[in-house]
Amino acid sequence: MNFNHILIRYGEMALKGKNRHLFEQKLQSNLASKLKPFPAARIKKTRGRMYVLLNGEDPHDVMEHCQQVFGIHSLSFAVQVEKEEEQLKEAVMLAFNDAQNAKTFKISSKRTDKEFPIKSSELNPMLGGYILRNTEGVTVDVHDPDVEIKVEVRHDAAYITAQDYPGAGGLPVGTTGKSLLMLSGGIDSPVSGYLTMKRGVAIEAIHFHSPPYTSDRAKQKVLDLANELSKYGKKINVHVVPFTAIQQKIQGEMPEGYSMTIMRRMMMRISEKLAHKQDILSITTGESLGQVASQTMESMNTINEVTNYPIIRPLVSMDKLEIIDIARKIGTYDISIRPYEDCCTVFVPKAPKTKPTRKNANYYEEKVDFNEDIEKALEETYVIQVNEAANKKKDQFDDLL
Ligand code: ATP
Ligand code: MG
């Protein structure tokens with residue numbers, strides 16, 4: 001016997017009143033595209049819940065995929081069996097064994113089919129007794145069990161539900177609009193993209209690339225990061241902006257102490273124009289406060305002057321170690337630490353100004369016209385779509401990396 005269902009519970013979505021229907025639809029369609037590698041699996045929606053009917057697909061593999069879908073609070077394996085004593089016993093044993101290391105358990109039975117001859121008050125000791133006889137060192141705890149096994153005897157069949165697995169939380173991607181993620185090859189911006197997606201936001205990415213100062217491998221790293229992020233949503237468009245000319249002009253004509261601030265302002269201007277063109281209403285960065293020279297309050301203020309777009313900064317209050325923890329969990333860390341330099345590392349001066357002002361930045365920028373360079377960079381921007389990871393099984397991911 002094996003599990004043939006996965007039960008999906010969604011938490012926060014239940015709060016969304018009239019929008020609830022839309023959220024459920026989006027969750028269902030996101031789930032469906034996530035489960036493409038499992039062609040036999042089907043999704044069934046009932047009141048306030050969803051089920052995946054496994055139809056022979058591997059339960060744990062499907063579970064892992066479902067756990068990457070935002071909008072799901074928790075999940076459990078379930079097995080549908082005939083209303084027959086031996087099958088019920090085997091099913092509760094299967095459910096108990098799913099909770100590895102569980103030392104205590106509780107069975108909660110419910111009998112909707114009143115014609116079924118065993119009452120729920122009798123089912124609990126009968127099925128519980130079976131587990132106790134077939135395990136060692138395991139006891140019943142009705143108040144705080146390691147695992148609660150739910151048994152429901154309905155008219156059509158009996159359903160046995162095992163322990164809870166955590167879902168990814170958040171809201172289904174695509175329910176709260178779209179943001180343009182400024183994606184470098186670093187540790188922070190991919191985490192930032194992940195957290196933004198968690199709030200239901202679809203993302204496109206923009207990357208500033210400065211060949212030959214930055215290599216193809218540096219660009220590939222960014223594409224691999226975007227690919228990894230696509231696991232949590234769908235395909236991601238990565239807009240690659242050729243940035244060499246602007247970098248060189250900054251390097252040549254702006255005072256060294258301001259080159260980084262002005263470079264960031266250029267990036268922000270280009271990002272805003274691209275977002276506008278794509279009907280994207282916000283920009284997301286991996287900035288955190290106080291981490292490096294570009295991330296002082298003065299810097300943020302000076303860089304932010306050039307746009308009035310909302311800037312989403314999910315990492316603003318996080319410590320580096322917290323960010324690294326998430327990067328590890330979501331699978332971007334190992335890609336981020338590949339040693340290829342990005343444009344900032346190459347061009348950043350040894351002593352960038354940590355307290356730039358808007359007044360000075362404007363003063364320097366007025367001396368040189370960057371408009372044409374900005375337009376040209378936008379014209380030469382090209383899009384690469386990544387979505388391999390979005391549609392692969394786990395063993396297939398490993399081949400990709
Ligand atoms: P990360 O780890 O994301 O590279 P960081 O700690 O290195 O961030 P900065 O170098 O100050 O921080 O960059 C701040 C943010 O600016 C990045 O998180 C990213 O959103 C954006 N950014 C930096 N370089 C690029 C680039 N080459 N292309 C696109 N966005 C960039
Ligand atoms: Mg960086």
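# Close-up views of a predicted model

**View 1. Ser-192 and its surroundings.** Leaving aside residues up to four places away in sequence, Ser-192 touches Leu-181, Thr-284, Thr-285, Gly-286, Pro-314 and Leu-315; a contact means heavy atoms within 4.5 Å. Ser-192 is part of helix α5, residues 188-198. Helices (H or I, at least four residues) and strands (E, at least two) are DSSP runs, numbered from the N terminus. With 0% relative accessibility, Ser-192 counts as buried. Buried means under 20% relative accessible area, exposed over 50%, and partly exposed in between, with a 1.4 Å probe and protein chains only. The model is predicted: local features need pLDDT of at least 70, side-chain atom pairs count only at pLDDT 80 or more, and totals for chains, interfaces and linings use all residues. Residues are numbered from 1 along each chain as its sequence is written, chains are lettered from A and ligands numbered from 1 in the order in which they are written, and side-chain values use heavy atoms, with hydrogens and water left out.

**View 2. The whole protein.** The protein has 15 helices and 15 strands. Its C-alpha atoms fill a box of roughly 90 × 40 × 40 Å along the principal axes. Of its 401 residues, 52% count as buried. Among contacts with a separation of 6 or more, 80% join residues 24 or more positions apart. The accessible surface is about 19000 Å², and carbon and sulfur atoms hold 48% of that area. Accessible areas come from the Shrake-Rupley method with a 1.4 Å probe; for residues, only the protein chains shown count as cover. The protein carries 53 positive and 53 negative charges, whose mean positions are 4 Å apart. Lys and Arg count as positive and Asp and Glu as negative, while His and the chain ends are not counted. Each charge is placed at NZ of Lys, CZ of Arg, CG of Asp or CD of Glu.

**View 3. The largest nonpolar core.** This core has 47 residues. A nonpolar core is a set of buried Ala, Val, Leu, Ile, Met, Phe, Trp, Tyr and Cys residues joined through side-chain atoms within 4.5 Å. The residues with the most contacts inside the core are Ile-6, Ile-8, Val-52, Leu-88, Phe-96, Ile-149 and Ile-160. Helix α3 (residues 85-98) gives the largest share of this core, 7 residues. Apart from this core lies another, of 31 residues, including Tyr-258, Met-263, Met-268 and Tyr-309. In soluble globular proteins, nonpolar side chains tend to be buried together.

**View 4. Contacts of Ile-8.** Beyond residues up to four places away in sequence, Ile-8 touches Leu-31, Arg-49, Met-50, Val-52, Ile-72, Ser-74 and Leu-75.

View 5. An unreviewed UniProt entry lists Met-182, Leu-183, His-207, Phe-208, Arg-264, Gly-286 and Gln-295 under "binding site". UniProt positions are given in the numbering used here, feature names are shortened, and annotations may be inferred rather than shown by experiment. Met-182 is found in strand β10 (residues 178-182). Met-182 is buried, with a relative accessible area of 14%. Not counting residues up to four places away in sequence, its contacts are Ser-189, Ile-206, Phe-208, Met-267, Met-268, Ser-271, Ile-283, Thr-284 and Thr-285. Arg-264 sits in helix α8 (residues 256-277). Arg-264 is partly exposed, at 22% relative accessible area.

View 6. Over residues 60-164, the chain is 33% helix and 30% strand. The end C-alpha atoms are 13 Å apart.

View 7. Asn-134 lies in the loop between α4 (120-133) and β6 (139-140). Its relative accessibility is 45%, so Asn-134 counts as partly exposed.

**View 8. A cis peptide bond.** The peptide bond from Pro-211 to Pro-212 is cis, with omega near 0 degrees. Pro-212 is placed in the loop between β11 (202-209) and α6 (216-229).

View 9. Asn-101 is not a glycine, yet has a positive phi of about 70 degrees. Asn-101 is in the loop between α3 and β5 (104-111). At 71% relative accessibility, Asn-101 counts as exposed. Asp-279, also other than glycine, has a positive phi near 60 degrees. The loop between α8 and β13 (283-284) holds Asp-279. Asp-279 is exposed, with a relative accessible area of 65%.
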